[in-house]
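I opened my notebook to look up a few places in this structure. I will write down each thing I checked, in order.

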Amino acid sequence: MTKWTKKDLLGLEYLSAEEIELILDTAASFKEVSTRDIKKVPALRGKTAANLFYEPSTRTRVSFEIAEKRLSCDVVNMDMKASSVLKGETLADTGRNLEALKIDIFIMRHNMAGAPNVLARFVGGSVINAGDGKHEHPTQGLLDIYTLREKFGSLKGLNVSIIGDIAHSRVARSNLWGLTKLGANVTLCAPEIILPSDFKEFAPHVKITSDIDAALKDAHAINVLRMQFERDAAGAFPSPSEYYKEYGITKERLKKCRKDIVVMHPGPINRGIEISSDVADGPNSVIIEQVTNGIAVRMAVLYLVTLRSK
């Protein structure tokens, strides 16, 4: 049986297939806690977690806080916009000072890729990456994979298409690492300008195309990414209406797919831009299930990093 040995969770790139499966199996055992009248277990009683979110977040921050409290962990929510970072304090000094206050777990979202890795080098406590720049968002990738495993039982041979703003998506990167390690076939689909060629490093398990019909044809599941128009400084992206016409996931487009295709989205959803409301809220959608599964997955990660083998 695989034993967890890592101090931190910094990305799915650094995990083996067996370690990913261990997280998923642990999450399955924790999911039952959320169905109880008293939604709490004492697994992390006496531990303290600090949520350090340097970027805005709704689902991820709240999901982590709920997961922490369901494990009986004490929680400190840091307002990084009112922290000493604005006075010039370094990331290393922030970590050292918080550790002096006996913080055991650091959950960190940052706009700079690699920031959680830097923090992990300066603290003895566990660091969990809650999204860093365009690098990774490992717990989102894990909850997406967990949701697919619930639906299909196994990911081996599963055809998953990731559609949208690939270039700016840390979710796409984490999904790629996790899905391919568990044997899924991944297709990336987007307009060429937001379809970076560096994803070819994942070959032969990854196909890259700008043809939406080809990406949907044999897909068992599609993961629809938010179009990050706020990052389009050069004005090179297609307009929202143009994007929706060419790549938006609509009811008409789904008619060409498998009847049982699973539709996913990491949120927040831009309705009428990357996906229509009747698809987002329709029978093929598991978007709300993803949110629910995020609590169990984050409970599993919090539990494992604190019980790592010495």
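**Entry 1: helix H5.** I note at the start that this model is predicted. I began with how enclosed H5 is. Twelve of its 15 residues are buried, so H5 is largely enclosed by the rest of the structure. Buried here means under 20% relative accessible area. I looked up which residues these are. The buried ones run from Pro138, Thr139, Gln140 and Gly141 through Leu142, Leu143, Asp144 and Ile145 to Tyr146, Thr147, Leu148 and Arg149.

Next I checked the length of H5. The helix covers residues 138–152 and spans 21 Å from its first C-alpha to its last. That is close to the 21 Å expected at 1.5 Å a residue. I also looked just past the end of H5. Glycine 153 sits there with a positive phi of about 85°.

**Entry 2: glycine 95.** Where does glycine 95 lie? I found glycine 95 in helix H3, which covers residues 91–100. Is glycine 95 buried or exposed? Its relative accessibility is 0%, so glycine 95 counts as buried. I then listed its contacts, leaving aside neighbours within four places in sequence. Glycine 95 touches Phe106, Leu119 and Val123. I also compared its position with glycine 141, 46 residues away along the chain. Their C-alpha atoms are 26 Å apart.

**Entry 3: cysteines.** How many disulfides does the structure hold? I counted zero. A disulfide needs two cysteine sulfur atoms within 2.5 Å. Cysteine 257 has 10% relative accessibility, so it counts as buried. Cysteine 73, at 5%, counts as buried too.

**Entry 4: the sheet.** I traced an open sheet of five strands in the order E7-E6-E5-E8-E9. The pairing is parallel. Which strands are at the edges? They are E7 (206–209) and E9 (262–264), and each pairs on one side only. On average, neighbouring strands are turned by 20° against each other, direction ignored.

Threonine 187 stands opposite lysine 207 in E7. Helix H6, residues 170–181, packs on this sheet. H6 touches E5 (159–163), E6, E7 and E8 (221–224). The direction of H6 makes about 160° with that of E6.

Methods:
Residues numbered from 1 in each chain as written. Predicted model: local features only at pLDDT ≥ 70, side-chain atom pairs only at ≥ 80, totals over all residues. Heavy atoms only, no water. Helix = DSSP H or I, 4+ residues; strand = E, 2+ residues; numbered from the N terminus. Buried < 20%, exposed > 50% of the residue type's maximum accessible area, 1.4 Å probe, protein only. Contact = heavy atoms within 4.5 Å. Expected span 1.5 Å × (residues − 1). Pairing = 2+ DSSP bridges. Axes fitted to C-alpha atoms, helices over the stretch in contact; angles between N-to-C directions.
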